[in-house]
Amino acid sequence: MKIQNLNTMKAYFSSFKVLIFIILMSGVGKLSNAQSFNCYIANDQLTSPTTLQWDVYMISASTDFNLRTMQYAFNFNSAFIPAGATITPSVVNGGSMNNYSPGSITWSSSGNAFQIGANTGVSCVTGTLISTAPVKVATIKLSSSLPFNCAPHNISMVRPADAAPSGLTLKMAVSKWNSTDCSTGSLNTIISNNGTYTNFAATSLYASVNNMKPKITGQPASQTACSNGTAVFTATVAGNGTSSIVSYQWLANGVPISDGGAYSGTNTPSLTITNPSSSLNGTTYTLQASQCSPALSVTSSPATITVNPSANAGTISGAGSVCAGSTATLISSGDAGGTWTSSNTSAATVDANGVVTGLAAGTTTITYSVTNSCGTATATTSVTVNPSANAGTLSGASSVCVGTTITLTSNGDGGGTWSSNNTAAATVNANGVVTGVGPGSATITYQVSSSCGTASATKSVSVNPNANAGTISGASSVCPGTTTALTSNGDAGGTWSSNNTAAATVDANGVVTGVSAGNATITYSVTNTCGTASATKSVTVNPSANAGTISGASSVCVGTTTTLTSNGDGGGTWTSNNTSAATVDANGVVTGVAAGNATITYSVTNTCGTASVTKSVTVNPNANAGAISGASSVCPGTTTTLTSNGDAGGTWTSNNTSAATVDANGAVTGVSAGTATITYSVTNTCGTASATKSVTVNPNANAGAISGASSVCPGTTTTLTSNGDAGGTWTSNNTSAATVDANGVVTGVSAGNATITYSVTNTCGTATATKSITVNPNANAGTISGAGSVCTGSTTALTSSGDAGGTWTSSNTSAATVSATGVVTGVSAGTTTITYSVTNTCGTASATKSVTVNPSANAGTISGASSVCVGTTITLTSNGDGGGTWTSDNTAAATVDANGVVTGVGAGSATITYQVNSSCGSASATKSVTVNPNANAGTISGASSVCPGTTTTLTSNGDAGGTWSSNNTAAATVDANGVVTGVSAGNATITYSVTNTCGTASATKSVTVNPSANAGTISGASSVCPGTTTTLTSNGDAGGTWTSSNTSAATVSTTGVVTGVSAGITTITYSVT
């Protein structure tokens, strides 16, 4: 049997594990005595291990086979065993088959062999069934103090002759991983049976890879933490081989935990426990690290947490206030033995037992502090020190006048109450305001109460009487130059004064003397310590009567008025001495009654006598225009005389001289039709008088001038008008040519001439006006003859039977035009109406004919893209006639369907044609289309792996000029020429992309960057004494070899243990390949 392709394992294992199957089958030939099977391990396929391990399985191909006795052994090529190495064999019962024991294992270094079981064989109870599936029965481990050699060698499996039961065939199987990724690999098994190889399915085999677990290089240490603190457990874990650590899991007392509550970092190398509760005290924590799969995990040594309780100051209970000079006791529910302190000892102190003593009003914070190994805890409470009641001293005036107030204040506590012991003398309100009530004295008291007692303060207040001016008696008026005496019933000894000595004065005895008309306030004033009191009396000084001087006009006309005024006293009376000439009313308004003279008098009377003043007034007579007599109408150019029976010497006027004028003697002359008002006016000193008469000027008859058209067509009308008098009559002198109605409407009867007359008559005679009218003949377009259709680009001639000299027109010149002679030219498909029109002075006559223009065939112009990619389509369109056909002259390059959809077939060009047929012929349009090839990235060739720092060149057989890219530049980069450079271990997909007008094509290749060997950094002591050891470790790849440059000074074992030999210096090297 040969183990093949083990290079996939060399980067993973420091121990190599072989799975051996002993397959028992009935009826299958017999293995000859001492027959061996060779297992070859090539020199370059396995890193030298220090441990070899075999798992031994048994399989029975028949369920009725009973195992009785069996013994087997393994022999090694001597080249496999390192010289001078100590070989330690061991065997462990698999424990998976009833009543089977592998017995002991012996090792013969000279024979380079080990044997399981005694020479007499291993017995199994008769009838024991061996499973048809692989059953593990033992594990064999062979350890060496030196690495096993990697030289070619073989392993022979031998079963002694006396151990072979009848009908038994023995098989040996070796399993290996077939993938570099242990998480996805499966087992391929090579079975040797007399040189015949058979593959077992992976699911029927058992795999156990010993050293693919991570290593705990630093164990977690036990921690002590306070319940309000933090504990951190940390383990150092190193991965084995190139596979990374998959997961971490911390366990509490063997049970997995997760983040939340006190725990964080449960899936990291460091577990943090924040504010651990006492329930966690004594809990054991371990870290389980898994690599590749949970089955390949390692668990750290246990570490225990000790949780110490935090200090507890509890809650302070007791009174929240105390009076100054008294005490209160506080207690805490926390730990005993703490200390009490006060934040404000000027307000209150506290002793070691929590007794608080109030010193002065204020607030203090009382603190209870407890300290243990986990720190200090404090509890606080606020205590208010209430002061004793303090009424203070009363300040303010000691006297008050009746009816006035004073305010007393206290420098004691606020919020007290005020009281008076004699409210008949003085009262006091809640704010200390004292009001004088009556002469006398009162004791004012201020009292303050608090939880700490009551205090009072007093002050005596005297109430003084007010000054009294009494009431003034005596006359309230006086005349200028006379006196009156005033008296007061108030305090004697006061003073008298007048506020207006220009009206009246008063002496020290109260005698008032009138000076001039007006008012004066007389005051009597009395003063004492409470102030001044005054009494007043208003005195009026009445004026002497004053009629003044009369002002106003000295004359008035009969029937009119004039107003006289006096600058004397108001309220007087007006009188006239001649009421037959003039009267006067109470307001001085004089009314002229008749021509003559009158004396007007104004009289004024008051308590001091009567005064009068007079004025002479003359009454003048009014002017008289009388009444106008004479005719009320006149004709233009004639006269009539008007007269008046009023005052002579007046003037005559006309208000409308364009209608009629009037001279100084009253003669009225008619000028033109209209109305005029004739006025006779007379003026004297009393004004102007006028008399009027309305005169009508009747107009002469007026036929005016006739306006309107001078011609009319037969059967039509035209209206004539006259700017003369309305109501006239219209007549025609030739009714066979034209008639006219009463409204001047002329109707053409037949071609010819007529004279139309307009006549007007009134009281002044008759007037006429005339107009000549010509009746013109009507126009005639006749009937159009000719073809009813024409082709585009051709002509046809039309004719008319009507008047010559008419015009030809087309209603749709985009379809057809028509010349001045009636020749129709087809322009484009459509329909048009051809019209022949004849115009004369009587209007236009038209004849029409519909002409259809048949279209010529039109292929139009082809629009659309000029290129297409192979396998894609474009759509071409034509702006010509629909219903045409599409063709391609090169269907190997491009085809086109009935809708103009062009499909690229192969690179090249094709001419696409669109053809249209009609009754007027055929038309074609063409367009050249280029078919572009698609982009081709080809296939990438080159190595599939590269080492970090080295390069390999990839090539593509696709289009040149593409771009190279890597999807993982952290693993490998690639330049513009396809040169891949390994950066770090990992995988990268290299992509070659080519872009042209038809798009982008890409080809990919997966490249694996194999990791470089990592010897890491050596840690450990730098010195050792002869005969002692120190262990060095490396954080690099596991499975390396340790060597000493000077073994006479120190040696180093395969596990990095340095042994001092003699004084000297050596270099210890850790090598990884």
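**Figure 1. Cysteine 452 and its disulfide partner, cysteine 323.** At 23% relative accessibility, cysteine 452 counts as partly exposed; the class lies between buried (under 20% relative accessible area) and exposed (over 50%), computed with a 1.4 Å probe on protein chains only. The model is predicted, so local features need pLDDT of at least 70 and side-chain atom pairs count only at pLDDT 80 or more, whereas totals for chains, interfaces and linings use all residues. Residues are numbered from 1 along each chain as its sequence is written, and side-chain values use heavy atoms, with hydrogens and water left out. Cysteine 323 is likewise partly exposed, with a relative accessible area of 21%. The sulfur atoms of cysteine 323 and cysteine 452 are 2.2 Å apart and form a disulfide, a term assigned to a pair of cysteine sulfur atoms within 2.5 Å. The torsion about this S-S bond is about -100°, so the link of cysteine 323 and cysteine 452 is left-handed. The pair joins distant parts of the chain, 129 residues apart: cysteine 323 belongs to strand β26 (residues 321–323), and cysteine 452 to the loop between β41 (440–450) and β42 (453–464). Strands are DSSP runs of E with at least two residues, numbered from the N terminus.

**Figure 2. The disulfide of cysteine 226 and cysteine 374.** The structure holds six disulfides. In the one shown here, the sulfur atoms of cysteine 226 and cysteine 374 are 1.9 Å apart. The link is left-handed, with -95° about the S-S bond. Cysteine 226 lies in strand β15 (residues 223–226) and cysteine 374 in the loop between β32 (362–372) and β33 (375–386), so that distant parts of the chain, 148 residues apart, are linked. Both cysteine 226 and cysteine 374 are buried.

**Figure 3. The disulfide of cysteine 869 and cysteine 998.** The S to S distance between cysteine 869 and cysteine 998 is 1.7 Å. A torsion of about -100° about the S-S bond makes this disulfide left-handed. Cysteine 869 lies in strand β89 (residues 867–869) and cysteine 998 in the loop between β104 (986–996) and β105 (999–1009), so the pair ties together parts that are 129 residues apart in sequence. Cysteine 869 is buried, with a relative accessible area of 13%, whereas cysteine 998, at 21% relative accessibility, counts as partly exposed.

**Figure 4. Surroundings of serine 922.** Serine 922 lies in strand β96 (residues 921–932) and counts as exposed because its relative accessibility is 56%. Not counting residues up to four places away in sequence, serine 922 touches Ala857, Val916 and Asn917; contact means heavy atoms within 4.5 Å. The side chains of serine 922 and asparagine 917 make a polar contact at 2.3 Å. Such a contact is a pair of N or O atoms within 3.5 Å; within protein, one must be able to donate a hydrogen and the other to accept it, and residues adjacent in sequence count only if both atoms are side-chain atoms. Asparagine 858 is 64 residues away from serine 922 in sequence, and their C-alpha atoms are 7.6 Å apart in space.

**Figure 5. The largest nonpolar core.** A nonpolar core is a set of buried Ala, Val, Leu, Ile, Met, Phe, Trp, Tyr and Cys residues joined through side-chain atoms within 4.5 Å. The largest has 21 residues, of which Phe233, Trp250, Tyr263, Leu271, Ile273 and Tyr285 touch the most other members. Two or more residues of this core come from each of β16 (230–234), β18 (245–252), β21 (270–274), β22 (284–291) and β24 (303–308). Another core, of 20 residues, lies apart from it and includes Trp418, Val434, Ala442 and Val463.

Definitions and conventions
Helices (H or I, at least four residues) and strands (E, at least two) are DSSP runs, numbered from the N terminus.
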